[in-house]
Amino acid sequence: MQSKSSKNLAESPKEMTEYYKHLSLFWTDIIHLMSSKPQALTSMGPMRAFATNSKKISVELIEINESLVGFNQYMTEYYKQLSNTWGIAQKKVNQKSPEIPQDVEHIEAMKRIWIDIFDNDFTELFDSKKFGENYGKLVSKELELTKHWNNISNVILQSVNLPSKEEIDEVYKEIHSLKKRVSKLELELKKEKRKNVQ
Amino acid sequence: MYNESNIDPKIIEEVLKFSKNIIEAPKFASAPDEISLEVTPHNVVQEIDKTRLLHYEPITKIKFKTPLLISYALINRFHILDIHPEKSWVKNLLSQGFDIYMLDWGTPTSMDKYLDFDDYVNGYLDSSVEYIKNQSSTEKISLQGYCTGATITTAYATLHPESVKNYIATAPVIDGWKDTTVISNLAKHMDVDKMVETIGNMPPEFMYYCFSVLKPFEQGVEKYVKFFKNIDNKKYVDNFLRVEKWLGDTPPIPGELFKQWIKNIYQDNLLIQNKMYIGKERIDLKKIDMPMFTQVAVGDHLVSPECSMPLHYAVGSNDKTLKLYPTGHVGMIASSLSQKKVLPEMGAWLAKRS
């Protein structure tokens, strides 16, 4: 027999995820608070930093599941579109060339028909709005998965006092900006020199 | 019921020959990594960040005073225009007596994710033009752009018309909304902000995917069947492997540049509407007032003719020519047609104005 709370949970996958997220955060926080005092003794080491940030990993892992559900949904639709197009194209080939080829010339002709029909039908699919939209969403979900993975990696990097992806990006941005200013000044200087020579 | 005796013995012969060709293929063909591309001899005359300015050694007497700088597609390597000695765009122009430079965009790394249109147009390309002007003691040079490289040169020609004597646009990517290719459909539905924020540069693997959906059965199946059927044809195999090596060697594209590209060209189509900004400057195609030559391939399935041709009508030049060729995107620049028709016509046009 199901309890009232588990019945409610089963009503919506989103609510279920939220519930488990809360459950995980609650226990991670409580355990962290209970155990943080002895850990403070080793506050300079990686385990302390990792323990402090470990709940971020829990959150990311739970959210990964949400992204994974979406990813699977769009991935299923992606293969459904490919498989439907394959079926339709194969029917067209069968209608155009119903007999089994029995000589080399016939095989070549049939191969040409097969390639032309399949290329046309698949190009039509790849060019369609429904494919473009679904593929865009599929890539978007894949990027969300990557982002969660990046966030988990950041926790591990921070636990050993290494810069996170965002911090490295900031450095790249600053270098880019400085290089751009220097390059523009150098180019202006070259142009001025040439004008003066003339 | 099917009668076995009806099978043409030639079919068995063909199947056996094909199997033998597959087994013996390594004897006849090099691995793509072992192939030396034999690019036309050149000197690296300037290096900025990862870019290199290449100056090709003349193979005949230089007949024309104005040098030509070529900007190739950012998704390729510089040898796309120098893929085979017999089909080399660069070599053909050298043999016509032109002084040729090429801007090699190099291989961006994660550190280059913030490079944008401004860096490419007003940085790398402008620095190269300045270098050539200094070396050749000329005030203006001729400029040619191919594919996405032509989008960069088009922007340059609007912002620095005083430096461009003649402009040649070969299969330029200009009007994204009119582009009827599969790539344009994928680009229109892309969450490019999320992509760049998450992965930085546009990875080559994603480009491979985009190419693989173009004529998937002709390019993904039939092409390789033909390769194994012709495995004992040295010329065919050599050419096939060179093209394959080139196709499989796509550099990443800097994230910011890619983002601007997808948004400004394919999603919002700002370039052709004269609403695109590079740095703080607006790109107004009417400012292209120098002689202009546009080359379009009618069978182009990477950049459709409808995407390229609007440039011809949008510029302010009085002296402008639009040429259509019955070939595809790569066929226009690396085929016997390009050697026999495309390049001689371009050379004749350029010679009159150089």
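**Reading chain B, step by step**

Modeller: Leaving out residues up to four places away in sequence, B:Val44 touches B:Arg52 and B:Leu54. Touching means contact: C-beta atoms, placed from the backbone, lie within 7 Å. This is a predicted model, where local features need pLDDT of at least 70, side-chain atom pairs count only at pLDDT 80 or more, and totals for chains, interfaces and linings use all residues. Residues are numbered from 1 along each chain as its sequence is written, while chains are lettered from A and ligands numbered from 1 in the order in which they are written.

Colleague: Is B:Val44 buried or exposed, and why?

Modeller: Count neighbours. A residue is buried if 20 or more other C-beta atoms lie within 10 Å of its own, exposed if 12 or fewer, and partly exposed in between; C-beta atoms are placed from the backbone. B:Val44 has 10 within 10 Å, so it is exposed.

Colleague: Which strand holds B:Val44?

Modeller: Strands (E, at least two residues) and helices (H or I, at least four) are DSSP runs, numbered from the N terminus. B:Val44 lies in β1 of chain B, residues 42–48. Chain B comes to 13 helices and ten strands.

Colleague: Why is chain B called as compact as a globular protein of its length?

Modeller: Compare its radius of gyration, taken over C-alpha atoms, with the globule rule: 2.2 Å times the number of residues to the power 0.38. Chain B has 22 Å, close to the 20 Å that the rule gives for 354 residues, so it is as compact as a globular protein of that length. Buried residues make up 45% of the chain.

Colleague: Which residues have the most contacts inside the largest nonpolar core?

Modeller: A nonpolar core is a set of buried Ala, Val, Leu, Ile, Met, Phe, Trp, Tyr and Cys residues joined through C-beta atoms within 7 Å. The largest has 103 residues; B:Leu69, B:Ile100, B:Tyr101, B:Val121 and B:Tyr167 have the most contacts inside it. Helix α3 of chain B, residues 117–136, gives the most to this core, with seven residues. Beyond four places in sequence, B:Leu69 touches several residues, among them B:Tyr101, B:Ile132 and B:Leu143.

Colleague: Where does α8(B) bend?

Modeller: The bend at a residue is the angle between axes fitted to the seven residues ending there and the seven starting there. For α8(B), the bend is about 35° at B:Glu222.

Colleague: How many residues does each chain bring to the contact?

Modeller: Chain A brings 31 residues and chain B brings 34. On the side of chain A that touches chain B, α6(A) gives the largest share, ten residues.

How values were computed
Contact = placed C-beta atoms within 7 Å.
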